[in-house]
Structure formats: C-alpha cells, structure tokens
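Q: I'm new to this one. Could you take me through the barrel up close, and then show me how the rest of the chain sits around that part?

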There are 2 protein chains.
Amino acid sequence: MFRPQIKVIDCTIRDGGLMNKSNFSFDTVKNVYKASCAAGIDIVEIGYRNSKKMFSVDEYGPWRFCDEENLMRIVDGNKSETTKIAIMQDAHKAIAEDILPKEKSVVDVIRVATYVKDVDKAIRLANNATDKGYEATINIMSISVALERELDEALQQIEEETKISACYVVDSFGALYSEDIDFYIDKYKKYLKSKEVGIHCHNHQQLGFANTIAGIIRGANYLDGTLYGLGRAAGNCPLELLISFLKNPKFDIRPLLDVISKDIMPLTREIYWGYSIPYMITGILNRHPDVAIKLAESKNEKEKLAFLKFYEGLTEVEVED
Amino acid sequence: MFRPQIKVIDCTIRDGGLMNKSNFSFDTVKNVYKASCAAGIDIVEIGYRNSKKMFSVDEYGPWRFCDEENLMRIVDGNKSETTKIAIMQDAHKAIAEDILPKEKSVVDVIRVATYVKDVDKAIRLANNATDKGYEATINIMSISVALERELDEALQQIEEETKISACYVVDSFGALYSEDIDFYIDKYKKYLKSKEVGIHCHNHQQLGFANTIAGIIRGANYLDGTLYGLGRAAGNCPLELLISFLKNPKFDIRPLLDVISKDIMPLTREIYWGYSIPYMITGILNRHPDVAIKLAESKNEKEKLAFLKFYEGLTEVEVED
C-alpha cells in the first residue's frame, strides 16, 4: 500500500554540487535527469540559481546558476510530462530578478533554502516564485541548531504569508535521531495546516535513509534523496534505497541503478562523500561539517587519520601530543 | 537518561572474520580488546570456536577457533573486570567438547549462532555452555527468511529448554525495516519471558544503526556493533555510533576513535566491507549477500560495476546485452 501524496525529489546534482562547486559535465546532468524521469521521480533538482554577484562564474560551474539555456540543453527538447524540474535559491545568496516568469522558463519548482534567521528573505523569494507562476518550497537548513522560539515564529509566518506547497525539515548536520524527526514533523504539522512537510536528511550518522522513513511514518510527503547518497560531506538519503522502500508501482529502480553504474561511480574517484569518522564526529557533536570537509581535503595523511585528536580538538579537551 | 540493563557487544573481530577467514594479527585483536575495555563495552566477542574438523587450520586464522592459549595472549594477564569475553559457536559447525569447564577458560560468554531449522543443535550447545558455567546466548541468523511457524516453535523451545541470558534477532541480510524490527522484538518478548532480547543488524540498506535504535526503543537490551561497521558484506551497526547514542556515562568513545584510526583504517586497504550497490540489492531482495561478495571479489572491473545486470540477474528479468 502506498501514500499517493508522497513526492520524491532527486537532489543529486544540487546537493552534490556542494562538493565540486557545481562542476558536473552536461552529460552527467543529462543522464541523471533522464534516469530520474525514467524511474518515475516526481521532481529533479538540477542546481542552484544563485546570484552571479555572489558566486564567481569562473570559480563555480553552470549548476550554481542554472541559466535557462543550460537547463534547455539538459532537457534537450524532451521534457518529461510527469517529472518536474526544480532549482534552488539560497535566501541569502540569490535575487528575485533572476527568476523569469514561469511561461518563459523550463523550471517548475523553486526551492528556497534558508536559515531560520533569514526566513523573511526566504518568504520574499518564495512569494516571488509563486507570484511568477511556479510551485515553491521553503527548506529550513541546520534545523538541529535552530532556536525553538525563532523556529515557531518562522513556521507561523510561512503558513500565513506564503503559498508554498511544502516546507522542509533539513538536517544539514546529520545530527538528528528518529525521535527528533518525530518532534520536528509534529511541530511543522502543527503550524503548517495548509502545506505539506518535507524532509531532507544527511548521513553523518548513517541515518539519512532511516530518518527519511521516520519522516514518512510521521507524515512527511516531500522526500529528498540523491543517487548513491551523493551530497555534502557524508551525503544524503540514497535515492535507490528510498525508491526500493516506497511501494508506489510507478517507481522503477532500474534506471537509477544504471545511471549510478555509468555516471555516479566514476565521480567517486574525484569527489569524497559518504560516511567517515570525521563526518560522524561533527554529526554527533551537532556541528557544521565544514571542519571535517577541510580535514578530508588535507594533504597530510597522518592528520587525516588522527580521529581522536580531531574529536578532542572539537570538544576542547586538552590534547597531549 | 539511560537503561542500565543495556549491554553492548563488540563483534568486530568475530563478524569481521567472515571477510578475511578470521586472519587478524594478534596485535589488531589485542588492540581491539583493550580499546573496548577502555570504552566500557560490556562484552567483546573475539571470534568463533568452531570445529577444526570442519574448518582447516591451514586455511582459517586463529580467530575461527579461539584456542584458549591464543585468547590468553590477547588478554595478556590484564583481563578486564568489567568487560566480558565472548566466543561464538555455530550450531551446525561446532562441537560441545571444544568448550572447557568455565574455571579453565578465559571466556565468559558463549554465543550460539543458528538458523531456525538448527535450533535443537543450538539448544544443545547453549545448554552445554551454561552447564559448564558460562553465560550463553542464542543468535537466530537470517531471521528475515525464517518461516513464522518454525520461529514461534523455536522461541518457545528456547524459553522452556535453556538458561541463556539473551536470544537475538539477527538480520543477516540487512533486509529489515524498523517496522520489521518492531514485529520481531514483540514476538521474541512474547515467547521469551525469562530472557533478554538481543539485536544484531547488517548495513545493506544503511539501516544497521537505525534498526539497532529501533530495537532499543522496542526493548532489546543486548546490542551488537562493530568498529567502523567492520563485518560481513555491508558490515554492521557501527559501534562508535551506538556508543555516542547511548547515554550511560560509563561509555567513552575516545578509545574507539583511536583504535579505528590505528588498527581498523589500515584494514580498509585489504578488506572491502560497507555499503555498495550490489550489497544493497541483496538487502532489498532479502537474499544472502554471498552473490554480491563474489561480485566484489571479481577481477572483472566492468562486471563489478554492471549493477543493472546484477539486479536483473537476481530478479530473473530477461537481460538484453
């Protein structure tokens, strides 16, 4: 038995782009889009539409900006009728004017990522999107460090001031346990009477998939995943696991297995995502993984493996060395 | 707040030994034992005591047999007063006579692994152990393919005919979801009024840790984990995650981080455990991972990456190639 309201979103290129400055080849992006369409995924998020005033086009690849002509090259005249295209705008790094009227764009859904403190910016961008004819969502990042009073107020505002379809619990630090997921989904549902609740998990404690299931059980209907978990730091809920768990017969795992073979596995040689002890440490300490990403990029092999020192550095225990 | 009845078992060397024929160096085993003691782990399972008539001593390393003199070398005159030592006997591959009277052994706990069909053999070995003065457990493997009528009867027998301390749900195929864990734990508790329930999870669907948490919530008090998840195929519930989740202040994660750095990470160059698409496929199909292990050991790099072909082969869909 399945819940027809459930929507699955493939964020491979968007979240994975945080690990390679959104520098995927056109072929990779095209193959991921085609595979997601063939697999029956509801929405494919191809990248960010962030401001070129804030990100250098020399430093960042095309999927940090998702210019319409680049998206057109991905769709290649064969836009799926059932799989929507999404792009993300960061509330504090994007501008409303970069969004065309819907009829001039290949995009269907604008997802606005925000910290709780930036919720007013997020609401402005979300309203810009819905006013221009798009579906929109608001994705509240780093939820595990949000102050509860501010979160409550933000959710109330989102309910009253927007026409978004869904608002997300985003566990950026991979710090939440299933009981926390229950807590946040319940809170969202209490405030967001007219919206769906979404869930976007990271895998620092190997709970990305499990917490997504916990979210489903608690009532989340917008579910994010990425191919082979490709995403920031320890990565995300693996899309292939999510699809095999869901019972809706419209989903077909085979195109996902195929694109993982051909397009994602080669990336494992140049992008290092997935569970590791430093990522796990930032997860259990409820911290941003940036310090662990920096360690992973270090050329000092001995330092990279000094897990206890890394842990003690973050917990400020005196280290004897 | 913590549940004092919870016991944590480190199975690194025992379950990891399924990936290298139990060929760990004495130093590695000694360091794992010492780290587990320092971390406050309740029981360390050092290996199997299986029959030398069924396993060749030329082919398998010392931890497939755990001769007393080898265990003494690990303990090295410093046996922990709080961390017990366990060994495992396979119901169909071990003999009762290989177990000495308790007072002549450094071992505290005999864990008997069995399939449901071999439960009478397991009961005989478990009773042999408790009669000789040991604590014993029975670990029912491959639970996800056990026939329910046979499982019910086995649990009834175990309750009535043994003096074991705990009986385990063992998800050998990594096939269970949290709702399945709930189902099995409830069933075990219904039959096993005088025993504790244990849980031993595999990570084929990245649910090893999450399902262990699900087990805890449902009442399991014997919890298995391994360092960095080292174990058969996709591996196990990572011990470092489990310890960081549990609230009992007696646990200290730091010795575990240190031994992972120094002794487990070097093993990643020669033993290939952890999440992969072939292991995930056997997990979602509720199959033994042997076919995926065989694929992982193949020297044909192209074949190893042909995930769709592997999936279709197992699901008997006609493959055009």
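A: Let's start with a term: a residue counts as buried if 20 or more other C-beta atoms lie within 10 Å of its own. In this predicted model, buried residues make up 53% of the 321 residues in chain A.

Now for the barrel. Eight strands of chain A form a closed barrel, running E1-E2-E3-E4-E5-E6-E7-E8 with parallel pairing. Going from one strand to the next, the twist averages 25 degrees. For a helix lying against this sheet, look at H7 of chain A (residues 208-218), which touches strands E6 (166-171), E7 (196-201) and E8 (222-225) of chain A. The direction of H7(A) makes about 170 degrees with that of E7(A).

Stepping back, chain A has 13 helices along with its eight strands. Where the two meet, 10 residues of domain 1 of chain A are in contact with 11 residues of domain 2 of chain A. On the domain 1 side of chain A, that touching set has five nonpolar, four polar and one charged residues.

And the overall build? The C-alpha trace of chain A spans about 65 × 45 × 45 Å along its principal axes. A compact globule with 321 residues would have a radius of gyration near 20 Å, and the 19 Å of chain A agrees with that.

Technical notes:
Residues are numbered from 1 along each chain as its sequence is written. Chains are lettered from A and ligands numbered from 1 in the order in which they are written. This is a predicted model: local features need pLDDT of at least 70, side-chain atom pairs count only at pLDDT 80 or more; totals for chains, interfaces and linings use all residues. Two residues are in contact if their C-beta atoms, placed from the backbone, lie within 7 Å. Ala, Val, Leu, Ile, Met, Phe, Trp, Tyr, Cys and Pro count as nonpolar, Asp, Glu, Lys and Arg as charged, and the others, Gly among them, as polar. Two strands pair if DSSP finds at least two bridges between them. Helices (H or I, at least four residues) and strands (E, at least two) are DSSP runs, numbered from the N terminus. Axes are lines fitted to C-alpha atoms, for helices over the stretch in contact, and angles run from 0 to 180 degrees between N-to-C directions. The radius of gyration is taken over C-alpha atoms; the globule rule is 2.2 Å times the number of residues to the power 0.38. A residue is buried if 20 or more other C-beta atoms lie within 10 Å of its own, exposed if 12 or fewer, and partly exposed in between; C-beta atoms are placed from the backbone.
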